[in-house]
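Good morning, and thank you for joining. I would ask you to keep the sequence and the structure in view while I speak.

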Amino acid sequence: SAGARWTMNFFAKKDGLPTHGGSQRDNGISGIPVVNKSVALSVFWVVASIAVFIFGIWHCRANSYSYSLKCDPTDCVYTSAFKGPPVVFNFPKSDLIDAELARVDKNGEFMDAEQMRKMKMNRAGYTVRFRVRLPVEENSVIKVEKAIIFAPSDMGRRDARNGVTNITKYIHSAKTDKENPDASEKDTLWNKFNKNQTVNLKYGRSITAFGAISAFLAVVSLAASFMLGTW
């Protein structure tokens, strides 16, 4: 009969059956790739290593400093660079008055005799302090004496003493040349090779221990992530 044929045709069509009871239809997302958890952790490992490396480089740059005093037979240039643009002083050699060994605390502050008596000697650092005549303001002809701490950090006793000796010899040599203007003409070749005619004092730091260790460990971690990670 017609009813029997309709029943047979209905059960013959799979699409006519209900989808419950254990059967499952395609919901449209079966083609989307699933990220493996191990791969995701490996990617995170690489990103974290790169971030630590960048931090190490930044730490070195942020805490670097550089100080220099360079003098030729006529002029001197003092440069100080720490956490910002460098500060530069230019002055003729005749305005360089003297130099002395100085002591500074852990913050780089100059310590006078009274402060030294209150503080243990082994806690103070060694540096160079020199006096120079500088203009009161830019392009001013009026000059005042100013004491400058060459490096507000512990240079070490030996380096600081050598710096004072170098500057002192240069000052005395400059005075001799000023008193004898003809000496420069007679002894031009000698003055060219005479170390007392110049000053080249430098002190600085471009790498910090913490920054260097961070960058090194980051490189090791990055290499390990490529060898041991899941890709």
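Over how many bridges do strand S2 and S3 pair? Strand S2 (residues 75–82) and S3 are joined in the antiparallel sense over 6 bridges; strands are DSSP runs of E of at least two residues, helices are runs of H or I of at least four, both numbered from the N terminus, and two strands pair if DSSP finds at least two bridges between them.

A word on the source: this is a predicted model, in which local features need pLDDT of at least 70, side-chain atom pairs count only at pLDDT 80 or more, and totals for chains, interfaces and linings use all residues. Residues are numbered from 1 along each chain as its sequence is written, and side-chain values use heavy atoms, with hydrogens and water left out.

Now the whole sheet. This open sheet has 4 strands in the order S3-S2-S1-S8, with antiparallel pairing. Its edge strands, S3 (87–92) and S8 (199–205), each pair on one side only. Strand S1 (residues 65–71) pairs with S8 over 7 bridges, in the antiparallel sense, and Tyr-65 stands opposite Arg-205 in S8.

Finally, helix H2 (residues 37–62) holds Phe-53, and the helix spans those residues. Phe-53 counts as partly exposed because its relative accessibility is 35%, where buried means under 20%, exposed over 50%, and partly exposed in between (1.4 Å probe, protein chains only).
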